[in-house]
Amino acid sequence: MLIRYFAWVRERVGLDQEEIDLPPAAKTIADVIAWLQTVDDAHGHAFADAEAIRAALDQVHVDIDTPIAGAREIAFFPPMTGG
């Protein structure tokens, strides 16, 4: 799975993207976030406040409980504001 990181999530993880083999238990965006929290200290720091993270699945904004089956890409970013 291609995982992309944006804004302060990218800064905390230290990467703009990475290819990851997700564990079989990762069925939803929430599961992926929970798993990423355990990968290493940088990911743990970036995903420590899961409620502050937004996600897109194959470039479509989704809720945290969205299933990831069949997706090619997940993007994580902080809440956005417009103006």
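1. **Ground rules.** This is a predicted model, in which local features need pLDDT of at least 70, side-chain atom pairs count only at pLDDT 80 or more, and totals for chains, interfaces and linings use all residues. Residues are numbered from 1 along each chain as its sequence is written, and side-chain values use heavy atoms, with hydrogens and water left out.

2. **Overall make-up.** The chain contains three helices and five strands, and these follow the pattern β-α-β-α-α-β-β-β along the sequence. Here helices (H or I, at least four residues) and strands (E, at least two) are DSSP runs, numbered from the N terminus.

3. **Overall size.** For 83 residues, a compact globule would have a radius of gyration near 12 Å, and the chain agrees with its 12 Å. That radius is taken over C-alpha atoms, and the globule rule is 2.2 Å times the number of residues to the power 0.38. Along the principal axes, the C-alpha atoms fill a box of roughly 35 × 30 × 20 Å.

4. **Burial and contacts.** Of the 83 residues, 39% count as buried; buried means under 20% relative accessible area, exposed over 50%, and partly exposed in between (1.4 Å probe, protein chains only). Among contacts between residues at least 6 apart in sequence, 51% join residues at least 24 apart. A contact means heavy atoms within 4.5 Å.

5. **The sheet.** The five strands form an open sheet in the order β2-β1-β5-β3-β4, with mixed pairing. Its edge strands are β2 (17-19) and β4 (60-62), each of which pairs on one side only. On average, neighbouring strands are turned by 25° against each other, direction ignored. Axes are lines fitted to C-alpha atoms, for helices over the stretch in contact, and angles run from 0 to 180 degrees between N-to-C directions.

6. **Strand pairings.** Strands of a sheet pair through backbone hydrogen bonds, either parallel or antiparallel. Two strands count as paired if DSSP finds at least two bridges between them. β1 and β2 are antiparallel, with three bridges, and Ile3 has Glu18 as its bridge partner in β2. β1 runs parallel to β5, joined by four bridges; Arg4 stands opposite Ala75 in β5. Strand β3 (residues 54-57) is antiparallel to β4 with three bridges, and Leu57 has Val60 as its bridge partner in β4.

7. **A helix on the sheet.** Helix α2 (residues 29-36) packs on the sheet and touches β1 (2-5), β3, β4 and β5 (73-77); its direction makes about 70° with that of β5. Ile33 is found in this helix, α2, and is buried at 3% relative accessible area. Not counting residues up to four places away in sequence, Ile33 touches Phe47, Ala50, Ile53, Ile64 and Phe76.

8. Thr28 lies in the loop between β2 and α2 and counts as buried because its relative accessible area is 18%. Leaving aside neighbours within four places in sequence, Thr28 is in contact with Ile64, Asp65, Thr66, Pro67 and Ile68.

9. In soluble globular proteins, nonpolar side chains tend to be buried together. The largest nonpolar core here has 20 residues, and those with the most contacts inside it are Tyr5, Val9, Ile29, Phe47, Ile74 and Phe76. β1, α1 (7-13), α2, β3 and β5 each supply at least two residues of this core, and α2 gives the most, with four. By definition, a nonpolar core is a set of buried Ala, Val, Leu, Ile, Met, Phe, Trp, Tyr and Cys residues joined through side-chain atoms within 4.5 Å.

10. **Aromatic residues.** There are two aromatic pairs, where rings of Phe, Tyr and Trp (its six-membered ring) pair if their centres lie within 6.5 Å; planes under 30 degrees apart count as stacked, over 60 as edge-to-face and the rest as tilted. The Tyr5 and Phe47 rings have centres 6.2 Å apart and planes at 65°, so this pair is edge-to-face. Phe47 and Phe76 are also edge-to-face, at 5.1 Å centre to centre with 85° between the planes. Phe47 lies in the loop between α3 and β3 and Phe76 in strand β5, so their pair ties together parts 29 residues apart in sequence. Tyr5, Phe47 and Phe76 form one aromatic cluster.
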